[in-house]
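User: I am new to this structure and would like to know what the terms used for it rest on. Please set each value against its definition.

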Number of protein chains: 2
Amino acid sequence: MFDSGVGGLTVLRALIERIPGANYLYFGDTARLPYGSKSAATVAHYAVDAVRYLQDQGAELLVIACNTATALALDEIKRAASVPVIGVIEPGADAAAKASKKKHAVVIGTEATVASHAYRRALETRNVRVREKACPLFVPLVEEGWIEHPVTEQVAKIYLAEAFASDFGSPEVRHPDDAGAADVLLLGCTHYPLIKPLLRRVAPAHITIVDSAESTAEEVARQLKLMPRPRSDNSDEIAAPPQLKFFATDSAEKFRKMGTRFLGLPVENVVHVDLKE
Amino acid sequence: MFDSGVGGLTVLRALIERIPGANYLYFGDTARLPYGSKSAATVAHYAVDAVRYLQDQGAELLVIACNTATALALDEIKRAASVPVIGVIEPGADAAAKASKKKHAVVIGTEATVASHAYRRALETRNVRVREKACPLFVPLVEEGWIEHPVTEQVAKIYLAEAFASDFGSPEVRHPDDAGAADVLLLGCTHYPLIKPLLRRVAPAHITIVDSAESTAEEVARQLKLMPRPRSDNSDEIAAPPQLKFFATDSAEKFRKMGTRFLGLPVENVVHVDLKE
């Protein structure tokens, strides 16, 4: 599993709940985060470095647990990889399409994810209309630990009011991407599950919240079950606790401290990796 | 001039006001920002890359217009450079020491700058007592453009109330770094000059705000005036508009857009640089 930082640990957390007995390698490119404000070329270059490293470590299935990297670089990562690759966009779009009765969703994420329009394309293929809204302050607020905090609530009210306003631009014109009829809010960033309860309170009551971390874990679990198991495997091993190993390009200690909040489990066994080339 | 991003442009802006006729090269390491949450080793490695690049481009004086890089890597940069190097910490500390009658200051900055205690050391050498307070949300708020915004004001109230509280830890104990007597607030991050009017309103009225961007520009201007001028130089050239050239490791277009707000002048002539090695 790969992410620019600790956010992807919300996907790992959801995956461990489904498949506890697997062997997980998690790579956080913390020396080069955040990807959210970087260009597609930079993000692709970084992500390909990281997934090559994971393959060298023996990864048999790659999960791009990073919305920005999936949005900007999934095709390049697939070309560079020799094992199956799962991103977060398609599973999230699938779940949102299934949840939306009105076939109309609002997607929130980082600036880069929104600017890529990857969710828009994925949802329109599924006949779901989309409004996209960048929420660049949510990641630093979550990383500050202001999970249940009046400032975060005020920011969420501002962002969601804009996202769900019936006129996104001029008040004169009903836009084709009018969100007045949206009935789904898709969380297109792996940091956002931590403020899901707050977003639930702030979002209009009739809105269903779809979390792409959950949807991706669902899809990965499905594929893991299809994969051939090593001969030595038996049911005892499947019931064993997860084997977790973490790689971070910045300080291992910082990763350990911040990561525990996202994983909901102690983050140990962190190895510092230097990815210069 | 070097910074992790566009923040250092506030130093360049202050410098151009003082020495308009110079030839300025500005390097923003935007592909690898923010430095504020990274470890000392990572920051040093990045900064040394960038200053070598500026020297290859002909820089004769290096300004590390980045508090984090100065705090974590100034000695390493000086060792790697063959021209004079000026950081932001010493000029900021000088100005704060001069401004403080009670010899007691509060310093705000990013997490990495505060954790390095570089300002504390610089001020204590000048017999000024210090309280340091990390304000990690100010940079993303400024980059969101929420310069005069109720959320930024609320965040500033929370951070400054903590920074100036008479008890920084337990209410029982008067700490030796007690800030009740502080009469100076030192802005230890190059993004903060953009919210200086807001900070002025929120900070206690008796506090003098010292801006390390201004202090650094003052010191650089002093040194530029001491440097030998090329023989062809004459007073007409000194009165000419500044020659500005910008290098960015991420998208040149993004640098142009965001940079203009920080520089207060149109940012043109941006070259994308790839610093892999």
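Analyst: In chain A, the centres of domain 1 and domain 2, taken over C-alpha atoms, are 24 Å apart. The model is predicted: local features need pLDDT of at least 70, side-chain atom pairs count only at pLDDT 80 or more, and totals for chains, interfaces and linings use all residues. Residues are numbered from 1 along each chain as its sequence is written, while chains are lettered from A and ligands numbered from 1 in the order in which they are written.

User: What are the bounds of domain 1 and domain 2 of chain A, and where do domain bounds come from?

Analyst: Domain 1 of chain A covers 2–87 + 214–272, and domain 2 covers 89–211. Such bounds come from an automatic or database domain assignment.

User: How many residues of each domain of chain A count as being in the contact?

Analyst: Two residues are in contact if their C-beta atoms, placed from the backbone, lie within 7 Å. The contact takes 25 residues from domain 1 of chain A and 23 residues from domain 2 of chain A. On the side of domain 1 that touches domain 2, at least two residues each come from α1 (9–18), α3 (67–80), α10 (212–226) and α12 (252–263) of chain A. Helices (H or I, at least four residues) and strands (E, at least two) are DSSP runs, numbered from the N terminus. That side of domain 1 divides into nine nonpolar, eleven polar and five charged residues. Here Ala, Val, Leu, Ile, Met, Phe, Trp, Tyr, Cys and Pro count as nonpolar, Asp, Glu, Lys and Arg as charged, and the others, Gly among them, as polar.

User: What does each chain give to the contact between them?

Analyst: There are 17 residues from chain A and 17 residues from chain B. On the side of chain A that touches chain B, α7 (138–143) and α8 (150–164) of chain A each supply at least two residues. α8(A) gives the most, with three residues.

User: How do you know that the size of chain A agrees with a compact globule?

Analyst: The radius of gyration is taken over C-alpha atoms, and the globule rule is 2.2 Å times the number of residues to the power 0.38. With 277 residues the rule gives a value near 19 Å, and chain A has 19 Å, which agrees. Of these 277 residues, 50% count as buried.

User: Which residues of helix α4 of chain A are buried?

Analyst: They are A:I89, A:E90, A:P91, A:G92, A:A93, A:A95 and A:A96, in a helix spanning residues 89–99.

Definitions and conventions: Buried ≥ 20, exposed ≤ 12 C-beta atoms within 10 Å, placed from the backbone.
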